[in-house]
Amino acid sequence: MRFNRIVIKVGSHVLTEDGAVAKDRMLDLVELISEVMKRGTEVILVSSGAVSAGYTVLPLDRKDIGNKQILASIGQPLLLKMYQEKFAKYNIICSQILLSSADLDSKKRTHLAQIAIDGLLSRGVVPIINENDVIATEELVFGDNDQLSAYVTYNFSADLLVILSDIDAYYDKNPREYSDAKALQIVTDIKDEDMCADVTPNSEFATGGIVTKLKSAHFLLKRDKKMFLATGFGLDDIRSFLIDGVQKGGTLFL
Ligand code: ADP
């Protein structure tokens, strides 16, 4: 499969280690993005992690939504600075775009954002998008950018959304509860009941779990786009998929 433009979404689990930003994993991701770009694919990055970055300088209780807003506001420039340093190693410029899903409800604002994104990508810049968590608390509570990244994929004309998660695939049942759960390689249909399963956040940083990922996949499949869910702890699976065109692990929704 060849892709002209893709969106890569990285969750806060992947970007966080012991309460701080996982710099090695961030560097691995940036290196992979540079490889993908060399092969002629444009990349938009949707990154969580602002709350964790903020926590490293001001350790407020993250369970409180108001504190999360404060931490996101402090952490967002810190997160971007880390990305800038890492992308600079590969001579790549990155930029920041803060969005709320509601921005993409308006045709006019979507169009303005499209012009900016096209302009950045045509100049070889990697736009880094995050939910504007200070005023849009929905994904802060629920979803961790999963759904925003689906809207970004669709509205900015990408062919594929890659979700890098703490889980290596979508399973026929929750693999943390059932040891006989089987990883699904290809999924073409998402049942309504799977999208309303209980959402149980599994750390104080992340929310949403698998349900928001399935909602994203459902949204994209209806619009003839693809989604690939793979682990962000070690990038071998996503590298084989994007660079070698071979699916070793992960789930492809199409
Ligand atoms: P991230 O923060 O990495 O984006 P989440 O932790 O929010 O991801 O969501 C992934 C989690 O969803 C998995 O670690 C797992 O605990 C849970 N989960 C529940 N059901 C499933 C399933 N059928 N397949 C895969 N993961 C599942």
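**Sheet first, then helices**

Guide: Let's start in the sheet: K9 stands opposite V46 in β4. Before going on, this is a predicted model, where local features need pLDDT of at least 70, side-chain atom pairs count only at pLDDT 80 or more, and totals for chains, interfaces and linings use all residues. Residues are numbered from 1 along each chain as its sequence is written, and side-chain values use heavy atoms, with hydrogens and water left out.

Visitor: Fine. In what sense do β1 and β4 pair, and over how many bridges?

Guide: Parallel, over 6 bridges. Two strands pair here if DSSP finds at least two bridges between them. Strands are DSSP runs of E with at least two residues, helices are runs of H or I with at least four, and both are numbered from the N terminus.

Visitor: And β4 with β6, how many bridges there?

Guide: β4 and β6 are joined by 2 bridges, also in the parallel sense. L45 stands opposite I128 in β6.

Visitor: Is β4 buried or exposed?

Guide: 5 of the 6 residues of β4 are buried, so the strand is largely enclosed by the rest of the structure. Buried means under 20% relative accessible area, exposed means over 50%, and partly exposed is in between (1.4 Å probe, protein chains only).

Visitor: What does β5 pair with?

Guide: β5 runs parallel to β6 (residues 126-131), and 6 bridges join them. In that pairing, S95 stands opposite P127 in β6.

Visitor: OK, helix pairs now. At what angle do α2 and α4 cross?

Guide: Helix α2 (residues 23-38) and helix α4 (residues 65-88) cross at roughly 50°, and their axes come within 9 Å. That makes α2 oblique to α4. Angles under 35 degrees count as roughly parallel, over 145 as roughly antiparallel, 65 to 115 as roughly perpendicular and the rest as oblique.

Visitor: Who makes the contact?

Guide: From α2 you have K23, M26, L27, L29, V30 and I33, and from α4 L79, M82, Y83, K86 and F87. By class, the contact has 9 nonpolar, no polar and 2 charged residues. Ala, Val, Leu, Ile, Met, Phe, Trp, Tyr, Cys and Pro count as nonpolar, Asp, Glu, Lys and Arg as charged, and the others, Gly among them, as polar.

Visitor: And how do α7 and α8 pack?

Guide: Helix α7 (residues 146-155) packs against α8 at an angle of about 15°, with the axes 8 Å apart. That makes α7 roughly parallel to α8. The residues of this contact divide into 5 nonpolar, 5 polar and 3 charged.

Visitor: I clicked on F219. Where is it?

Guide: F219 is found in helix α8 (residues 209-222). At 17% relative accessibility, F219 counts as buried. Leaving aside neighbours within four places in sequence, F219 is in contact with A150, Y151 and Y154. The C-alpha atoms of F219 and Y154 are separated by 8.9 Å, and the two residues are 65 apart along the chain.

Visitor: How many residues of α7 are buried?

Guide: 8 of the 10, so α7 is largely enclosed by the rest of the structure. Among the buried ones are L148, A150 and V152.

Visitor: What about D18?

Guide: D18 has a positive phi of about 50° although it is not a glycine. D18 lies in the loop between β2 (16-17) and β3 (20-21), and at 76% relative accessibility D18 counts as exposed.

Conventions
Axes fitted to C-alpha atoms, helices over the stretch in contact; angles between N-to-C directions. Contact = heavy atoms within 4.5 Å.
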